[in-house]
Amino acid sequence: MNRISRMVVRMYVPAAVIAASGFATAEAVTRTGRSFGDVTPQRLASLAFLLAILLGTAWALHSTWRLYRWARGRELRCACGGMMSRVRYNRQRRKYRKCLACGGKTLEGAHCGGT
């Protein structure tokens with residue numbers, strides 16, 4: 001798997017995990033069989049799964065939007081060509097970004113060193 005493919009997988013895996021955890025939660029709620037007030041377990045399970053699907057879809061749409069902007073040259077790029085992450089803070093409270101393709105870190109305002 002090349003760097004760009006790894007970057008795309010890293011961006012979409014959280015959406016799949018959210019949807020899968022929603023399914024697991026719905027199964028757990030259905031199997032318990034306990035009702036919470038007027039809400040039946042089947043209704044609660046379907047609402048939990050729907051919420052997880054909506055959150056996973058929103059995450060995937062956001063990832064797609066970022067990839068579109070990256071392909072158009074509107075997102076920050078690493079020296080390897082990968083997309084840079086959001087701003088993070090290290091232990092010294094200095095801002096840095098991480099490359100989603102190669103994993104290289106760069107201080108805010110500098111260029112990515114790769115690796």
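Biologist: In what order do the elements run from the N terminus on?

Modeller: The order is α-α-β-β-β, where helices (H or I, at least four residues) and strands (E, at least two) are DSSP runs numbered from the N terminus. This is a predicted model, in which local features need pLDDT of at least 70, side-chain atom pairs count only at pLDDT 80 or more, and totals for chains, interfaces and linings use all residues. Residues are numbered from 1 along each chain as its sequence is written, and side-chain values use heavy atoms, without hydrogens and water.

Biologist: How are the strands arranged in the sheet?

Modeller: The 3 strands form an open sheet in the order 1-2-3, with antiparallel pairing; two strands pair if DSSP finds at least two bridges between them. Strand 1 (88–89) and strand 3 (105–107) are the edge strands.

Biologist: And how many bridges join strand 2 to strand 3?

Modeller: There are 3 bridges between strand 3 and strand 2, the latter being residues 95–98.

Biologist: Which residue stands opposite arginine 97?

Modeller: That is threonine 106, in strand 3.

Biologist: Changing topic, what share of the residues is buried?

Modeller: Of the 115 residues, 28% are buried, meaning under 20% relative accessible area with a 1.4 Å probe, protein chains only.

Biologist: What about charge: how many side chains are positive and how many negative?

Modeller: There are 20 positive and 4 negative side chains, counting Lys and Arg as positive and Asp and Glu as negative, without His and the chain ends. The centres of the two sets lie 14 Å apart, with each charge placed at NZ of Lys, CZ of Arg, CG of Asp or CD of Glu.

Note on methods: Buried means under 20% relative accessible area, exposed over 50%, partly exposed in between (1.4 Å probe, protein chains only).
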